[in-house]
Amino acid sequence: MATATLEVPSLLREFIAGAPGTVPTFNAGSLAEVMPAIRHTFPKLAPHVWDETGELRQHVHIYVGEWNVRWPDVPADAWHDGVRVRVTMAVSGG
C-alpha cells in the first residue's frame with residue numbers, strides 16, 4: 001500500500017472542498033485503486049475530470065510523479081509511497 005497525495009489546479013480546488021493549502025492523501029496499491037477513491041471522495045470534482053462514460057476528459061491529464069497516465073510506457077516503479085497524483089488541464093486557444 002502506498003500513500004499518494006492529490007494535487008489539482010487552482011481552478012478545481014473548490015471541488016475538493018479542502019482548506020487552502022490542504023492536499024488530500026490516499027492509501028492505495030496502484031493508480032487503478034486511487035482513481036475510484038478520488039471519484040468517490042470528491043463527487044463534485046468527478047464531472048470535471050471524467051466524462052459520462054467514465055473516460056478521462058480530453059483536456060485533462062493525470063500524472064503519477066512525472067508520468068502521464070495516458071502514456072503507454074509508464075514504468076511499474078512510477079507508483080511508490082509518497083507519490084504525487086496531479087490533475088492538470090490542457091490550455092489551448094488561438
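1. Start with asparagine 68. Leaving aside neighbours within four places in sequence, asparagine 68 is in contact with His61, Ile62, Tyr63 and Val74. Contact means heavy atoms within 4.5 Å. This asparagine belongs to strand S4, residues 67–68. Helices (H or I, at least four residues) and strands (E, at least two) are DSSP runs, numbered from the N terminus.

2. Is asparagine 68 buried or exposed? Asparagine 68 is buried, because its relative accessible area is 4%. Buried means under 20% relative accessible area, exposed means over 50%, and partly exposed is in between (1.4 Å probe, protein chains only). A polar atom of the asparagine 68 side chain lies 2.9 Å from the backbone nitrogen of arginine 70.

3. A word on the source. This is a predicted model: local features need pLDDT of at least 70, side-chain atom pairs count only at pLDDT 80 or more, and totals for chains, interfaces and linings use all residues. Residues are numbered from 1 along each chain as its sequence is written, and side-chain values use heavy atoms, with hydrogens and water left out.

4. Now confidence. pLDDT is the predictor's confidence in each residue, from 0 to 100. The protein's mean pLDDT is 84, and 93% of its residues reach 70 or more.

5. Next, the rings. The structure holds three aromatic pairs. Rings of Phe, Tyr and Trp (its six-membered ring) pair if their centres lie within 6.5 Å; planes under 30 degrees apart count as stacked, over 60 as edge-to-face and the rest as tilted. Tyrosine 63 and tryptophan 71 are edge-to-face, 6.2 Å centre to centre with 90° between the planes. Tryptophan 67 and tryptophan 71 are also edge-to-face, at 6.1 Å and 85°. Ring pairs link Tyr63, Trp67 and Trp71 into a cluster.

6. How exposed are the tryptophans? Tryptophan 71 counts as partly exposed, because its relative accessibility is 41%. Tryptophan 67 is partly exposed too, at 35%. Arginine 86 lies over the face of tyrosine 63, 4.8 Å from the ring centre. A charge sits over a ring if NZ of Lys or CZ of Arg is within 6 Å of the ring centre and within 35 degrees of the ring normal.

7. Finally, helix H1, residues 31–41. Its buried residues are Leu31, Val34, Met35 and Ile38. Seen down the axis of H1, they fall within an arc of 105° (taken from the directions from the helix axis to the C-beta atoms), so they line one face of the helix. On the other side of H1, Ala32 and His40 are exposed. The buried residues of H1 pack against strands S1 (2–7), S2, S3 (60–64) and S5 (83–89).

Methods. Polar contact = N/O pair within 3.5 Å; in protein donor to acceptor, adjacent residues only side chain to side chain.
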